[in-house]
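Q: I would like a close look at a single part of this protein. Please take me through it in short steps.
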Amino acid sequence: MKDIKRYGLIGYPVKHSFSASMHNAAFQALGLSAGYELLEIAPPDLPDFLSGLPVSGIKGFNVTIPHKETIYSLAKWNSLDEGARGIKAVNTVRVGPHGELDGYNTDWAGFSRHLTELGIKVRRAALIGSGGAARAIAYALARQNATNIAIFD
């Protein structure tokens, strides 16, 4: 039997998330030998989680509240994509065969794609919140040449 590749979602709390159900259904439908877990990591435990990755067997994970911004500055990155560097927040991590970490921010790209597909050009926007996802939206709007972005937190 093939080894099952482990993936997951880190955050605190994550018990309410449907991510595991959705990803596991997709893995099964695609015939992939993979599993997706909810990994509830309290903020003080994030450094230990990161240091244990090389022996954990985890191949990759998504990042949610409250870790998107913290993991950006805390992890030792092999590489970071343009969005992660610009936003200073990471929501997707690939774990290499030797524990090296590649960080990505897909929030801004998804938001931008949605606007593009709908043909929407935003010039003025108000964002409520200033966390990792809000930062990603502000980044996407700025790249789309929005001239006025107000952030309320």
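Which element gives the most to the lining of the largest pocket, and with how many residues?

A: Helix α2 gives the most, with 3 residues. Before the details, note that this is a predicted model, where local features need pLDDT of at least 70, side-chain atom pairs need 80 or more, and totals for chains, interfaces and linings use all residues. Residues are numbered from 1 along each chain as its sequence is written, and side-chain values use heavy atoms, without hydrogens or water.

Start with the helices. α2 covers residues 46-51, and α3 covers 53-56. (Helices are DSSP runs of H or I with at least four residues, strands runs of E with at least two, numbered from the N terminus.) Each of these two helices supplies at least two residues of the lining.

(A pocket is an open set of points on a 1 Å grid where a 1.4 Å probe fits, with protein on both sides within 12 Å along at least five of seven lines; lining residues have an atom within 4 Å of a point.) Pro47, Leu50, Ser51, Leu53 and Pro54 are among the lining residues. By type, the lining divides into 7 nonpolar, 2 polar and 2 charged residues.

Follow Gly99 next. Strands β5 and β6 form a hairpin with 5 residues between them. Gly99 sits in that turn and has a positive phi of about 85 degrees. β5 (residues 92-95) runs antiparallel to β6, over 4 bridges. One such link joins Arg94 to Asp102 in β6. (Strands pair if DSSP finds at least two bridges between them.)

Step back to the whole sheet. Its 6 strands follow the order β2-β1-β3-β5-β6-β4, with mixed pairing. The edge strands are β2 (34-40) and β4 (77-80), and each pairs on one side only.

Finally, return to α2. The whole structure holds 3 aromatic pairs. One of them is Phe49 with Phe61, edge-to-face, at 5.3 Å centre to centre and 80 degrees between the planes. (Ring centres must lie within 6.5 Å, and planes over 60 degrees apart count as edge-to-face.) Phe49 is in helix α2, Phe61 is in strand β3, and the two are 12 residues apart.

Note on methods. Ala, Val, Leu, Ile, Met, Phe, Trp, Tyr, Cys and Pro count as nonpolar, Asp, Glu, Lys and Arg as charged, and the others, Gly among them, as polar. Rings of Phe, Tyr and Trp (its six-membered ring) pair if their centres lie within 6.5 Å; planes under 30 degrees apart count as stacked, over 60 as edge-to-face and the rest as tilted.
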